[in-house]
Each structure stands twice: as structure tokens, then as C-alpha cells.
Amino acid sequence: MCGIVGIVGRSAVNQTIYDALTVLQHRGQDAAGIVTIDGNAFRLRKANGLVRDVFQTKHMQRLQGSAGIGHVRYPTAGSSSSSEAQPFYVNSPFGISLAHNGNLTNTTDLLARLARQRRHVNTGSDSEVLLNLLADELQHTSAEQLSEDQVFDAVAAVHRLARGAYAVTAMIIGQGLVAFRDPFGIRPLVLGQKESAAGTEYMVASESVALDAVGFTVMRDVAPGEAVYITQDGELFTRQCASEPDYVPCIFEYVYFARPDSCIDKVSVYASRVNMGRRLGEKIKREWFEHDIDVVIPIPETSCDIALEIARCMDLPYRQGFVKNRYIGRTFIMPGQQERKKSVRRKLNAISAEFKGKNVLLVDDSIVRGTTSEQIIEMAREAGANKVYFASAAPEIRFPNVYGIDMPTSNELIAHGRDAEEVGRIIGADGIIFQDLCDLVEAVREENLDIRRFETSVFDGEYITRDVDQAYLDHLTQLRNDDAKANRNREAGTNLELHNVCHP
């Protein structure tokens with residue numbers, strides 16, 4: 001999962017993009033990058049690290065221009081090498097830079113196609129593949145100034161070729177900004193605007209909170225398959241570029257990834273989590289009607305709103321039993337299992353008074369590998385808990401994600417091939433309960449009834465693009481396991497420095 005930003009402004013946009021990326025930092029902590037257009041040149045800075053560490057004053061001073069894009073990254077099938085930090089760029093045609101959130105499922109076929117077109121891809125990133133696909137389609141025009149028809153035709157061609165999930169923002173030197181979303185709308189993309197003395201400015205981003213933070217007003221979500229083209233003069237054009245678009249957004253955005261103050265596809269993330277808590281609380285009351293739970297404690301922070309609603313529903317006290325160190329990254333998106341294990345106790349510390357002598361219900365948004373859950377249960381017992389029950393706001397995760405979330409291979413998922421009781425026994429819980437999938441879907445859908453279904457493959461194994469078979473999953477296993485990532489990272493080069501790429 002990554003975060004993307006794109007702005008066509010009336011004055012320098014470097015600080016605005018930087019501020020927006022800090023708000024999207026939760027979507028990726030591995031690398032960050034910004035590219036702006038300064039005359040006929042790209043000004044690019046990207047490197048591994050958090051936004052605040054990647055961009056120093058000297059970099060910001062060089063990132064001149066009134067249009068640009070930004071990206072925060074965490075690795076999925078790729079490595080955490082700085083060579084795969086985004087945005088990427090190509091010099092022809094025009095000069096194009098692109099940032100992408102998601103994952104393509106037919107990268108191998110697309111690489112073969114690009115090779116036949118004599119287009120070279122430097123990294124293992126599917127984002128660079130997308131960039132070259134778009135560049136190859138725009139190469140067909142000989143016009144010095146692109147029309148909106150030519151831009152939208154190129155995006156339509158990308159839709160016909162690419163499979164998987166992608167939300168994209170791209171800058172074309174001398175032309176403007178292009179943003180588009182895959183035909184299923186799996187990954188989010190929001191469009192906003194701001195009025196200034198010099199005219200209207202436009203912005204796209206992964207979440208509405210990024211627009212809020214920098215003073216832009218949300219216009220709407222970019223529709224599945226839709227493309228947005230904003231010229232360098234600030235003209236806005238939009239068009240549906242997919243032949244059969246369908247609304248099937250990823251439900252895990254609401255469970256875990258998105259900030260609670262975001263609104264995605266007309267769904268308040270906060271409201272959806274409250275709904276999850278209500279439905280899970282009702283299930284606990286039904287199935288554990290003779291429970292001996294004394295207190296409900298969330299595992300901060302994503303599950304706090306969920307746990308509060310569970311406590312209200314069950315008429316139990318809600319307590320903050322863990323203190324979170326906010327300077328430690330999200331353990332779920334850390335690149336290696338050993339790093340995730342080390343980070344749990346550095347990230348959380350138990351307040352003994354809330355556990356001692358009590359039967360506690362711990363609430364988390366989900367259970368993926370189970371490592372974190374097991375360690376947190378151990379912490380609760382060490383703090384004096386009598387019994388430790390565990391509730392997950394999401395159903396059992398039994399299948400890998402292929403659309404841009406680093407949910408590991410099947411054999412690394414604790415619930416793969418196991419029932420809830422077995423999972424509870426492994427993580428050391430006295431009892432465990434999971435949200436039903438139908439309840440999770442309805443918890444989100446009740447905020448926007450126009451969405452008929454969600455991308456839920458990690459729970460049910462049904463992949464919406466219909467091109468995922470066992471051979472592909474086996475290939476993904478080879479790319480995604482922690483040992484493979486460690487080997488790629490050892491082979492990776494050093495961080496990229498600030499670039500000044502001139503277009504002839």
C-alpha cells in the first residue's frame with residue numbers, strides 16, 4: 001500500500017506536496033519522493049525513509065515549480081531498495097513522471113510487451129511498467145501539444161492492457177497532470193480544488209485527509225476507470241476510459257489502512273469502524289452471552305473506535321490499557337518478520353493497573369501473521385491479566401492479497417487452513433472471536449449503499465480481476481516471503497540523490 005499526491009497549482013507546490021505526504025505517511029514508511037516541473041525540467045528527490053528525513057531544506061529549495069506529484073511507499077512483492085522509490089520518470093515522449101498505488105497482476109506479460117516495443121525497465125517495480133505503458137501509448141502522437149482526447153485514449157489503452165489494482169498520478173512536461181483509477185476502483189483516489197487569487201488549483205490524493213490538511217476542498221472521488229487531465233494552464237477534463245467499470249473498492253482500506261478522518265468513496269472511515277464495532281459487539285453478546293469479561297481494551301490505534309463501540313454495546317468499561325510509542329512505525333507494513341517482532345514491545349507498553357486481576361477483552365482490527373497478537377497477549381498476562389480474550393474486527397485472513405497490500409504468502413497467514421479455535425490456541429488467547437464477512441461488508445456499505453460489493457479476496461479467496469490462479473500465487477510466494485525480500489535488499493544499491501532531469 002502506498003500514498004500518492006498530485007497538484008497543479010498557481011505557485012510553488014513543493015511545500016504543499018510535502019505537507020500532504022506527511023499526512024499520508026501511514027500508507028508507507030519505506031520511501032518517499034517528490035517530483036516537480038520547473039520549466040522544461042523535472043526536479044526530483046526520492047530516497048528511503050520517512051518524509052521528514054528524505055526532504056531537507058536543500059532538497060525543498062531545489063524542488064521548484066507550480067505542478068508536481070509525490071509518493072510514500074512500502075514494499076510488497078518488490079524490495080525496499082531505494083532504486084524502487086517513486087516517482088519514476090522517462091524522457092520520451094515529452095518527459096513523463098509517474099507515481100502509483102496498487103499492484104499489477106500481469107506484470108510478466110506487460111514486460112514482454114514492452115521489450116517488443118524496445119522500452120527498457122530498470123527496476124522490478126510494476127509502477128515503472130505502468131509508466132512505460134503510458135509513455136508507449138503517448139508515443140503514438142506527433143503533436144507538440146496533447147489534446148484531452150489523446151490523453152484519454154492513452155489511458156483507455158492502459159486499461160485494456162493492465163490488470164490488477166492501480167491509482168496513478170503522472171506529470172507530463174509541457175502538458176499537465178494525468179490521474180486515473182483502475183476499472184474496479186480497488187485503490188482509492190480523490191479529486192479536490194482550491195481557489196486562489198491567481199485562479200483554481202487542483203489536487204488528487206489517495207485519501208481526502210491529504211486535501212483537508214493543505215486547504216483543498218474535496219470535489220469527489222475519481223470513479224473506477226475514470227481519468228482526470230489537468231493542463232499546465234489549469235483546465236480540468238475528466239472522462240470515463242474503461243469499457244466496463246465497476247465499483248469494487250478494497251474493504252481493507254476501511255479496516256486498517258486509511259485514517260479515520262478520511263472519507264473514501266463517500267464512506268466515512270470513522271463511521272465504518274464504529275459500525276464494525278457495533279456488529280462485532282452484537283455477535284459477542286450472542287455467542288458469549290455468559291461471558292466473564294471485565295473490561296474492553298483496544299490495541300491502538302486503528303481499533304480504538306471499534307473497541308469503544310463494542311464496550312458500549314456490551315455495557316462494559318472501556319479502558320486504554322496500552323500506551324503507544326508514536327515514533328515507531330506500523331508493524332504490519334515493516335519489511336521483515338524479525339523487524340516486526342522486535343518492534344511490538346518497542347511500540348506498545350501495558351498499563352498494569354488496567355490488567356491486574358481482570359478478565360480483559362483485547363480488540364484489534366485484524367489478525368494477519370498472528371505474531372503481534374501473540375506478543376500482545378503475553379504482555380497482557382505479564383501485566384497481571386487473569387484471562388485474555390481476543391476480538392478481531394475483520395474475519396479470518398486466509399488468502400494473500402495481490403492488489404497492493406503486503407499480506408504475506410498463505411503459509412505465513414495464521415488463519416490459513418485453521419479454524420478460529422486453532423488460531424486462538426496458537427496466539428495464547430482464552431477465547432477468540434472474528435467478525436463475520438457479511439457483517440464487515442454491511443458495516444462499510446451502510447455508509448454508501450451505491451457500492452454493491454467490495455474487494456474481499458483476503459477473506460474469501462475470490463479475486464475480482466479473475467486472472468489470479470495458483471501458478472500466480474506460487475510466483476508471488478517466491479517474491480514475497482521474508483527470505484526473498486532480505487536477499488533482494490542485500491543486493492540493493494545506495495539511496496538515490498536529488499536529480500535534475502532536463503527534457504531536450
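Analyst: **A helix pair and its salt bridges**

At 7% relative accessibility, K283 counts as buried; that term means under 20% relative accessible area, whereas exposed means over 50% and partly exposed lies in between (1.4 Å probe, protein chains only). The model is predicted, so local features need pLDDT of at least 70 and side-chain atom pairs count only at pLDDT 80 or more, while totals for chains, interfaces and linings use all residues. Residues are numbered from 1 along each chain as its sequence is written, and side-chain values use heavy atoms, with hydrogens and water left out.

The side chain of K283 meets that of D436 in a salt bridge (2.8 Å, N to O), defined as a side-chain nitrogen of Lys or Arg within 4 Å of a carboxyl oxygen of Asp or Glu. K283 lies in helix α9 and D436 in the loop between β21 (431-434) and α14, so the pair ties together parts that are 153 residues apart in sequence. Helices (H or I, at least four residues) and strands (E, at least two) are DSSP runs numbered from the N terminus.

The helices themselves come next. Helix α9 (residues 269-287) packs with helix α14 (residues 437-445) at an angle of about 145 degrees, the axes being 8 Å apart. The contact is made on the α9 side by S272, N275, M276 and R279, and on the α14 side by D439, L440, E442, A443 and V444. By class, this contact has 4 nonpolar, 2 polar and 3 charged residues. Here contact means heavy atoms within 4.5 Å. Axes are lines fitted to C-alpha atoms, for helices over the stretch in contact, and angles run from 0 to 180 degrees between N-to-C directions. Ala, Val, Leu, Ile, Met, Phe, Trp, Tyr, Cys and Pro count as nonpolar, Asp, Glu, Lys and Arg as charged, and the others, Gly among them, as polar.

In α14, the buried residues are D439, L440, V441, A443, V444 and R445. They pack against α9 and also against α8 (252-257), β15 (267-268) and α15 (457-460).

R279, one of the α9 contact residues, is buried, with a relative accessible area of 18%. The side chain of R279 also meets that of E446 in a salt bridge (3.4 Å, N to O). This pair links distant parts of the chain, with R279 in helix α9 and E446 in the loop between α14 and α15, 167 residues apart. E446 counts as partly exposed at 32% relative accessibility.

E447 is found in the loop between α14 and α15 as well, and at 31% relative accessibility it counts as partly exposed. Leaving aside residues up to four places away in sequence, E447 touches K266, V267, A271, S272 and N275.

A search of the whole structure finds 27 salt bridges. One of them joins D265 and R181, whose closest N and O atoms are 2.9 Å apart. D265 lies in the loop between β14 (263-264) and β15, and R181 in strand β8 (residues 176-181), so this pair ties together parts that are 84 residues apart in sequence. Both D265 and R181 are buried. Elsewhere, R27, R187, E207 and E253 are linked in a network of salt bridges.
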